[in-house]
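Subject: Structure handover

Hello,

Here is the structure for you to take over. Please open it first, then read the notes below it.

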Amino acid sequence: MIRYIYGTDLVRHPRLRDGMFRDRADQFVTRLGWDLPLRPDGAEVDQYDALDPLYVIWEKADGSHGGSMRLLPTTGRTMVNEHFTDLIGGGTIVSPLIWECTRFCLARETDPRTAAALMLAGGEVMHGFGVEHYVGVFDARMVRIYRRIGASPEVLGTTGEGRGAISIGLWEFTPEAQARVAQSAGIAPDQSRRWFDDAFGRTPLRAAAASAA
């Protein structure tokens, strides 16, 4: 199932928290070879985890971490604006309608549909909080994954070539994209909405949409 957890609330979910940070270390440092600092316990935690982001986490049936991503509004500090502006000509991306998505992580032993489930949940956040786009940095290996689940971004800029390419992308979530991603995830849209509403209740935007339906 999908969990929506703010950074300040991770202490109440220690198994998911610790699994997420360990799996991030495994994916980004061990498997991809990124030069990222790790804590003494082997967890990958960076400065943006201290900004109370919203984590979208796939919780496996046994209660462990299956995959996750981290969301921050671009009106505050973001990785894109502080480290990757060269990919977009030196400008910044700042808007209440655009959030940054980073640390998209999949555990080694997880359902192959987890990536699609996370993208579907990201769409729920957009609909619930009035977000129109996500911006994020991704490497070449993610291009195939995004294409497979039906959620390819608009590429704003790229550096490097082949497997070493790094890009900034912009995602929107149209009803057509939602249908494609829900099918890839094997999750009914009604179930996806229930998980969001269980976490946040009916946000004003959700309530207005329900009244209009």
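**What was found**

Tyr 4 is buried, and Phe 196 is buried too. Buried means under 20% relative accessible area, exposed means over 50%, and partly exposed lies in between (1.4 Å probe, protein chains only).

Some ground rules. This is a predicted model, in which local features need pLDDT of at least 70 and side-chain atom pairs count only at pLDDT 80 or more, while totals for chains, interfaces and linings use all residues. Residues are numbered from 1 along each chain as its sequence is written, and side-chain values use heavy atoms, with hydrogens and water left out.

**Aromatic pairs**

The structure holds 14 aromatic pairs. Rings of Phe, Tyr and Trp (its six-membered ring) pair if their centres lie within 6.5 Å; planes under 30 degrees apart are stacked, over 60 edge-to-face, and the rest tilted.

Helices (H or I, at least four residues) and strands (E, at least two) are DSSP runs, numbered from the N terminus.

Trp 58 and Trp 195 also pair edge-to-face, at 5.9 Å centre to centre and 75° between the planes. Trp 58 lies in strand 2 and Trp 195 in helix 6, so this pair ties together parts 137 residues apart in sequence. Both Trp 58 and Trp 195 are buried.

Ring pairs also build a cluster of Tyr 4, Tyr 6, Trp 99, Phe 129, Phe 196 and Phe 200.

Seven strands form an open sheet in the order 1-2-3-4-5-7-6, with mixed pairing. Two strands pair if DSSP finds at least two bridges between them. Strand 1 (2–6) and strand 6 (154–159) are the edges; each has a single partner strand, so one side of each is left without a neighbour in the sheet. The twist averages 25° from one strand to the next. Axes are lines fitted to C-alpha atoms, for helices over the stretch in contact, and angles run from 0 to 180 degrees between N-to-C directions.

Strand 1 pairs with strand 2 (residues 54–59) in the antiparallel sense, over five bridges. Ile 5 stands opposite Tyr 55 in strand 2. Helix 6 (residues 189–200) packs on the sheet, touching strand 1 and strand 2, and its direction makes about 30° with that of strand 1.

**The cores**

A nonpolar core is a set of buried Ala, Val, Leu, Ile, Met, Phe, Trp, Tyr and Cys residues joined through side-chain atoms within 4.5 Å. The largest has 37 residues; Tyr 4, Val 56, Val 125 and Tyr 134 touch the most other members. Helix 3 (residues 114–129) gives the most to this core, with nine residues.

A second, separate core has eight residues, including Leu 16, Phe 21, Ala 43 and Tyr 55. Ala 43 is found in the loop between helix 1 (14–31) and strand 2. Ala 43 counts as buried because its relative accessibility is 3%. Leaving aside neighbours within four places in sequence, Ala 43 is in contact (heavy atoms within 4.5 Å) with Phe 21, Ala 25 and Leu 38.

Best wishes
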